[in-house]
Amino acid sequence: MNNLFDLTGKVAIVTGGNRGLGKEMALGLASAGADVAVVARNVTEEVLEEIRNQGVKAIGINYDIRDVDGYGSLVDQVIDQMGKIDILVNNAGVQKRHPAAEFPKEDWDFVMDINANAVFYLCQTVGKHMLERGKGKIINIASLLSFQGGLTVPAYAASKGAVMQFTKSLANEWAGKGVNVNCIAPGYMATEMNTALIEDPTRSRQILERIPAQRWGNGQDMQGVAIFLASDASDYIHGYTLAVDGGWLGR
Ligand SMILES: NC(=O)c1ccc[n+]([C@@H]2O[C@H](COP(=O)([O-])OP(=O)(O)OC[C@H]3O[C@@H](n4cnc5c(N)ncnc54)[C@H](O)[C@@H]3O)[C@@H](O)[C@H]2O)c1
């Protein structure tokens, strides 16, 4: 049996791991053997139990990821309880939709704070711990809108473009020091974030018609790639954004 993908004994932080894609990635990492710290606003005991059912340790930390000043103590808390951090999945994200001409500043700042600023500063804080240990895997969740502009979502596109770009910047500095920083760009996934699109019959049909795989994605589609980028199998992959999009970007 090849153990390139084995995460036994590794410790992962998954932000927003209480639902949606984050929850499925947390379960995927756990199924490969990683202990998981779920950092989210409302961590439930059910989610932690589901993770523990994979035979690993799981802790939950209720945290608003906008509290950048608290990252030092957040990281200390995880290290106190789990011993170290090997894997960081920056998954927490939000969406706000308005025509660009009317996009309110408050919503622009909200999206940028959670989707871009929090991701960078958590990379920085956890990255320091990884650099000291000379090993670590950071997985940032980008989007198709790291590549494309989208409709009525300029803040989201700006934030996800930023994530893909600074992932390369971090990789340039940290690749030689044993820390891998990469992105996953999910395509159109059927989660609560996309309720507005799914419930709009025209947009929903238009999107489906353009996906070569002929279906929306789901959380399970994220598990293999999360395990891959968290494991030794991806040791020579740095600064790359891997699309999990049913072929969308190839059209
Ligand atoms: N669903 C898609 O089609 C899609 C496509 C591309 C990228 N993504 C990205 O994937 C990630 C997960 O999205 P999802 O579809 O599972 O969405 P979701 O809305 O189901 O989950 C988002 C998660 O982020 C957490 N979160 C939001 N704000 C937070 C805050 N201030 N503090 C702590 N946690 C916070 C939520 O609690 C939740 O767990 C996001 O970064 C999103 O941008 C999703």
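User: Which residues does Asn 91 touch, leaving out those up to four places away in sequence?
Analyst: Asn 91 touches Thr 15, Gly 16, Leu 21, Gly 22, Met 25 and Ile 141, where contact means heavy atoms within 4.5 Å. This is a predicted model, where local features need pLDDT of at least 70, side-chain atom pairs count only at pLDDT 80 or more, and totals for chains, interfaces and linings use all residues. Residues are numbered from 1 along each chain as its sequence is written, and side-chain values use heavy atoms, with hydrogens and water left out.

User: Is Asn 91 buried or exposed?
Analyst: Asn 91 is buried, at 11% relative accessible area; buried means under 20%, exposed over 50% and partly exposed in between, with a 1.4 Å probe and protein chains only.

User: What does the side chain of Asn 91 reach at 3.2 Å?
Analyst: That would be the backbone oxygen of Gly 16.

User: New topic, cavities. How many are there of 30 Å³ or more?
Analyst: Two. A cavity is a set of points on a 1 Å grid over the protein atoms alone where a 1.4 Å probe fits but cannot get out, and lining residues have an atom within 4 Å of a point. Points are joined across faces, edges and corners, and a volume is the space filled by probe spheres set on them.

Technical notes
1 Å grid on protein atoms, 1.4 Å probe; cavity = no way out; pocket = protein on both sides within 12 Å on 5 of 7 lines; lining within 4 Å. Polar contact = N/O pair within 3.5 Å; in protein donor to acceptor, adjacent residues only side chain to side chain.
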